[in-house]
Structures are given as C-alpha cells and as structure tokens.
Amino acid sequence: MSFRVGFGHDIHRLQPHGRLVLGGVTVSEEMSAIAHSDGDVLLHALTDALLGAIGGGDIGELFRNDDPKWQDASSILFVEEALRQVHDAGYRVVNADGMVHAERPKLSPFKRQIVDTLGRLLHAPVNLKAGTNEGMDAVGRGEAIAAQVVVLLERAGE
Ligand code: MG
C-alpha cells in the first residue's frame, strides 16, 4: 500500500460586486473574490492539496498570477492540471475533505451542489464543511473568504 496526503489553504479578499465562485459553483452575484483568476478559494486549496500530495510544489509556481493566460480563468483548469499530474505520478484520489470559512454569503444552500461538482471532478468521495469566523479577523468581518482542503491519494492499481 502506498498513500500520500496533501494539504492546501487559500484566502482571498472580497469586494461588494461581481460573482463569487466556490468549488466551481456560483454562490453569490453580490460579491466576488479579488484575484487574477476567478478567485475560487476552495479550488485553489484543492489544487494545492493535490500538488502537495505528490510533492508537486504549489499553485503559484504552476499558474503564475502575472500570466495573462490565467486572467479570469476558471479554477477548474487548475484542478484538472493538478489531477493530470497526480495521475502521471501514478496516483488516484481516495477522498477529499474541505472546510470553507466565510461570514457571508450563506453556503448551506450550495453545499450539495459543490460536493457533487468536486466529486465528479475527482471521481472520489468529497466532504465539505462551512463555518464563520465568529466575527473575528478579516473573514469574520466579511472582508475575506478562506478554505482548507486535505486529500488522500493511493498508488493506482492497488
Ligand atoms: Mg487563490
């Protein structure tokens, strides 16, 4: 048996206009993440978790935020590239567990859709948790959104 674990974290500032995408799902049309790409913190954390598990560096090395190619890019592209690297390294995803921290918007109406989207992307069971920051720090003041993801990989064919 050969297992690898990976962890990813991301945080983006929020602005009071535009469209907020989380796990590939639009969760608000009254705010957006300030970012070079679409600013999907959950997919950025997932990408970093996948890369981390195979010792593949981080999202910033792969998709430079000064590269015009990634301007407003869908972060699904980042996950797909990280997954390609996982498969090339001979691994597959066993499961993923994620946590989003946001004071707003309310995420419960979107959790099922996000979990389904990520499950289809990873071909593996996904769990998602969401919480506020109890009014503390930038997330708690509604100025930012953050996410953490852990993934487990196993060597393909085992
Ligand atoms: Mg990011």
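I count a residue as buried under 20% relative accessible area, exposed over 50% and partly exposed in between, using a 1.4 Å probe and protein chains only. At 57%, V5 is therefore exposed.

Before going on, I note the basis. This is a predicted model, in which local features need pLDDT of at least 70 and side-chain atom pairs count only at pLDDT 80 or more, while totals for chains, interfaces and linings use all residues. Residues are numbered from 1 along each chain as its sequence is written, and side-chain values use heavy atoms, with hydrogens and water left out.

**Entry: surface patch.** I placed V5 in strand β1; strands are DSSP runs of E with at least two residues, helices are runs of H or I with at least four, and both are numbered from the N terminus. V5, F7 and V150 make a nonpolar surface patch of about 290 Å². Such a patch takes residues with over 30% relative accessible area and no salt bridge, nonpolar side chains being joined within 5 Å and like charges within 9 Å. A salt bridge here is a side-chain nitrogen of Lys or Arg within 4 Å of a carboxyl oxygen of Asp or Glu. Areas are Shrake-Rupley values with a 1.4 Å probe.

**Entry: magnesium ion.** I looked up the protein donors, taken as N, O and S atoms within 2.8 Å of the metal (3.2 Å for Na, K and Ca). They are D10 (OD), H12 (NE2) and H44 (ND1), at 2.2 Å from the ion. Water is not among the atoms, so the site may look incomplete. Along the chain the donors follow D-x1-H-x31-H. H12 sits in strand β1 (residues 3-15) and H44 in helix α1 (residues 41-53), 32 residues apart. I find both H12 and H44 buried.

**Entry: aromatic rings.** I found three aromatic pairs. Rings of Phe, Tyr and Trp (its six-membered ring) pair if their centres lie within 6.5 Å; planes under 30 degrees apart are stacked, over 60 edge-to-face, the rest tilted. W70 and F78 are edge-to-face, 5.5 Å centre to centre with 80° between the planes. W70 is buried because its relative accessibility is 14%, and F78 is buried at 3%. Ring pairs join F63, W70 and F78 in a cluster.

**Entry: V27.** I located V27 in strand β3 (residues 25-28). It is buried, at 5% relative accessible area. Beyond four places in sequence, V27 contacts L20, L22, P105, L107, F110 and I114, contact meaning heavy atoms within 4.5 Å.
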